[in-house]
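Here is a brief report on one protein model. Look over the sequence and structure first, then read on.

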Amino acid sequence: MKKTTNDLEFSGLTSDEVASRIAKNGYNELQGSSSRNFWMIIFGVIKEPMFLLLVACGTLYMILGDIEEGIMLLGFVFVVMGIEFNQERKSEKALDALKDLASPRALVIRENVEKRIPGREVVCDDLLVLQEGDRIPADATVIKSVSLLVDESLLTGESVPVRKHDWAGEAEDVQPGGDDQPFVYSGSMVVQGNGIARVSHTGMDTQIGKIGKAIKEVEESPTKLKVEIGTLVKRLTITGVGLCLLVIAIYTITRGGLLKGFLAGITLAMAMLPEEFPVVLTIFMAVGAWRISKKHVLTRKPSAIETLGSATVLCTDKTGTLTENKMKVAKIYNKENFWVSKDANEFPEQYHNIIEYGILSSQTNPFDPMEKAISGIGELFLKGTEHLHHDWEMVKEYALSREMLAMSRVFRNKETNELLIAAKGAPEAIFDLCHLDSEMQAKYATAVQAMASEGLRVLGVAKSSISENRLPDEQHDFDFEFVGLVGLSDPIRKEVPTAVKECHKAGIRVIMITGDYPVTAQNIAREIGLQNYQQCITGSELTAMDEKELSEKIKTVNVFARVIPEQKLKIVNALKRNNEVVAMTGDGVNDAPALKAANIGIAMGEKGTDVAREASALVLMDDNFGSIVGAIKMGRRIFDNLQKALGYIFAIHVPIAGLSLIPVFFADLPLILWPVHVVFMELIIDPACSIIFEAERAEKNVMSRPPRKVDEPFFGPNKILLSCFQGIWVLIATLAMYFVTLKLGYEIGEVRAMTFTALIVANILTILTNRSWSESIFTIIRTPNPTVKWVAGSAALFILLILNMPFLQRLFQFSPLTIWEVLVALLVGISTITWFELYKFFKLRKL
């Protein structure tokens, strides 16, 4: 979509020329990621190996006649599909709404007529009419302009607008940003002046489009948790299948009866196969996404929740993320003293004329952020005073130019008919207009330097007056008097310092990456409480560094200034090489490649661009930096609870597998468990690990401990051993019940009923004790979790029904028990958690 070489008149394109360009080049839109339809989501779920295992197991049980287990396993698949589908559609709808709000319209000249059209219909060689407040829909070359200022912060990260001038044959291979260029870019906004520009690039050929292409080239790797769980499932599956075949062979050889051997083998397979793992992982991610949405954070990729609690570094853009992207007057100099706006309740009289003439030299309804700030402080402190002149008539405006970086406006006082001139601009230009001597220039330059060292943007203000009506051709011919200096800043968001402090407390480094100047960046870093804010690496220094040097220096440096988009990506990659888990926040197009490359990309929802949102894993719907801390806390809670859930799964599967396996090796011992018993256990296990643990509150130290080490497995050998030991204790207790009751001469129905009852009680108590690995069982019981009473209560009710209803007794192969036998089973079940409670008690005493 290159521009044509011929010059176009101001008449614009014809309808036929527009149609031919659209037919040739397509519409002016970016190729975003298309939303997945129903069948794509379904296919995405079922192609996962863990879900294929569920379907295979369910189908096998159905073929072998175990309808209940088959239906249950296949039912899991549909439940998870429903949750994932609902979450996907919810996210896509929210993003579509945001995209509709952000879609710009364009004013173009076609066939000598100005007309407003959708931005997507703009074509190369169109003539764009640029006016204050317009969002530019395509890259273009300015061919005629008056005092044109453009905000390119979405591309460059700079909140201060840049000057544009008419094209004079300049080459087009320039980057966005910097003053006195004739090129404007898609996504930027006109904040002052007007002009006409010829479209040079549309769609994917624009600067935004090039960044979009960079995003597509970034490859996303599967999360470590998903890989680890997949490996664990694979190993347990192989072990389960091997033991299943062994049980079938041993049963058939020692007892005869191949069919019953298959049933025994399937029982063990059901006890061993980790069908809960994929279900738990998916439900935790989906429900976690819903919970995080309550914190005003939209989850575009639920897999990001897996990584959120492990983040070690938070990289953030400055403009619009740490700051408000809205200039405010921070300091004023009246030729002798400074006035600081922070926490000021009054505005001394000696500073009034500086703001008075600053407002007069600005547009009446300004779009320029610095002019807005000056007008804003005037409305705050000067309203109702003689310093605001809404009734004065503007006679002439002297525009800012490359030769004179100042602008002047001439007003007529209707009461006195006197002409007054107000000027503002770069301090050096104002000094020149005022014809200051070297001594005065040096004095005021010191004040400028002092304000600039604090990261402020400094404007000089001057005034003049004439009695005659004839105005000079140049503003330099007025006899200006220097009035003072205005220092402006992009203030930090109120919640940022607290959020940064919480991040540091949680062991998370915060790194600021900005296109702004080092002095400004370091002052912002100091204000928000960044560590090592004195150290800073600039974009030019970054370019000169090789990967090894950058990887070493980035271990301590937390401020990066004058950085371009490609370098943001380089920084994120250097952190990842240092084994950091990187979360990256941003709102501009320039952030998108780094957002996608980071382990967790977090985009701003209100001020963020479509490109940034498309590239991110999470979207802050309220643009509140503090919401990130809430999301990280929620991520850590999910992480902890997922560990508890998997620990419980290991713990309870050990006795189920042991009770299914051990009796097989003794030909004269009756089997305890059959498929129906394991199905009943699954009805408790699955809601417990996917509902109870998911709803569990965060541990007290969740945000006062460092992130989990990168090389530490999610569920490593120590945790597996601890969980298995819980299970072994339950197995020992239930086997003791089994052997003792057999030895005492109880018939097999009673033995099975007492052993199974003890197992159910142990299961319920294992759920309770695993709700917290630091609190005692008594504290846990007092801690509310509404789902516990439903799951535990249902399990208790069902076991009572099974023990007392003849139909269920026959189904479970039980014999009636006396109240004393039930009490013994209860005591055996309760005894299984005593050692884990003692372990927690002594562990806490050491801390």
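Is R705 buried, partly exposed or exposed? R705 is partly exposed, because its relative accessible area is 22% and the buried class ends under 20%. The model is a predicted one.

## Salt bridges across the sequence

R705 forms a salt bridge with D640. The closest N and O atoms are 2.6 Å apart. R705 sits in the loop between α24 and α25, and D640 in helix α23 (residues 625-661), so the pair ties together parts that are 65 residues apart in sequence. D640 is buried, with a relative accessible area of 10%.

A search of the whole structure gives 22 salt bridges. One of them joins R291 and E694, with 2.7 Å between the closest N and O atoms. R291 belongs to helix α9 (residues 276-293), while E694 is in the loop between α24 (675-692) and α25 (717-743); the pair therefore ties together parts that are 403 residues apart in sequence. E694 is buried, at 7% relative accessible area.

## Further charged pairs

E552 and K555 also meet through their side chains in a salt bridge, at 3.4 Å from N to O. K555 is partly exposed, with a relative accessible area of 47%. A network of salt bridges links K318, R457 and D516. Side chains of opposite charge can pair when their charged atoms come close.

## The seven-stranded sheet

Seven strands make an open sheet with antiparallel pairing. The order is β11-β10-β16-β15-β14-β13-β12. β11 (338-340) and β12 (393-398) are the edge strands, each pairing on one side only. From one strand to the next, the twist averages 25 degrees.

E397 has R409 in β13 as its bridge partner. Helix α12 (residues 352-360) lies across β10 (328-333), β13, β14 (419-425), β15 (457-466) and β16 (481-489). The helix runs at about 85 degrees to β15.

## Strand β10 and its partners

How many of the six residues of β10 are buried? Five are, and the strand is mostly covered. β10 pairs with β16 in the antiparallel sense over five bridges. K328 has S489 in β16 as its bridge partner.

β10 also pairs with β11, again antiparallel, over three bridges. Here Y333 stands opposite F338 in β11. The two strands form a hairpin with four residues between them. In the turn, K335 has a positive phi of about 85 degrees.

## Positive phi in loops

Most residues other than glycine have a negative phi. N112 is not a glycine, yet has a positive phi of about 65 degrees. N112 sits in the loop between β1 (105-110) and β2 (113-118). N112 is exposed, because its relative accessible area is 63% and the exposed class begins over 50%.

N579 is not a glycine either, and has a positive phi of about 65 degrees. The loop that holds N579 lies between α20 (565-577) and β20 (582-586).

## A nonpolar surface patch

Which residues form a nonpolar patch on the surface? They are I819, W820, L823, L826, L827 and I830. Together they have about 630 Å² of accessible area. I830 is in helix α30 (residues 819-831). With 43% relative accessibility, I830 counts as partly exposed.

Key
Residues are numbered from 1 along each chain as its sequence is written. This is a predicted model: local features need pLDDT of at least 70, side-chain atom pairs count only at pLDDT 80 or more; totals for chains, interfaces and linings use all residues. Side-chain values use heavy atoms; hydrogens and water are left out. Two strands pair if DSSP finds at least two bridges between them. Axes are lines fitted to C-alpha atoms, for helices over the stretch in contact, and angles run from 0 to 180 degrees between N-to-C directions. Contact means heavy atoms within 4.5 Å. Patches are made of residues with over 30% relative accessible area and no salt bridge: like charges are joined within 9 Å, nonpolar side chains (Val, Leu, Ile, Met, Phe, Trp, Tyr) within 5 Å. Accessible areas come from the Shrake-Rupley method with a 1.4 Å probe; for residues, only the protein chains shown count as cover. A salt bridge is a side-chain nitrogen of Lys or Arg within 4 Å of a carboxyl oxygen of Asp or Glu. Buried means under 20% relative accessible area, exposed over 50%, partly exposed in between (1.4 Å probe, protein chains only).
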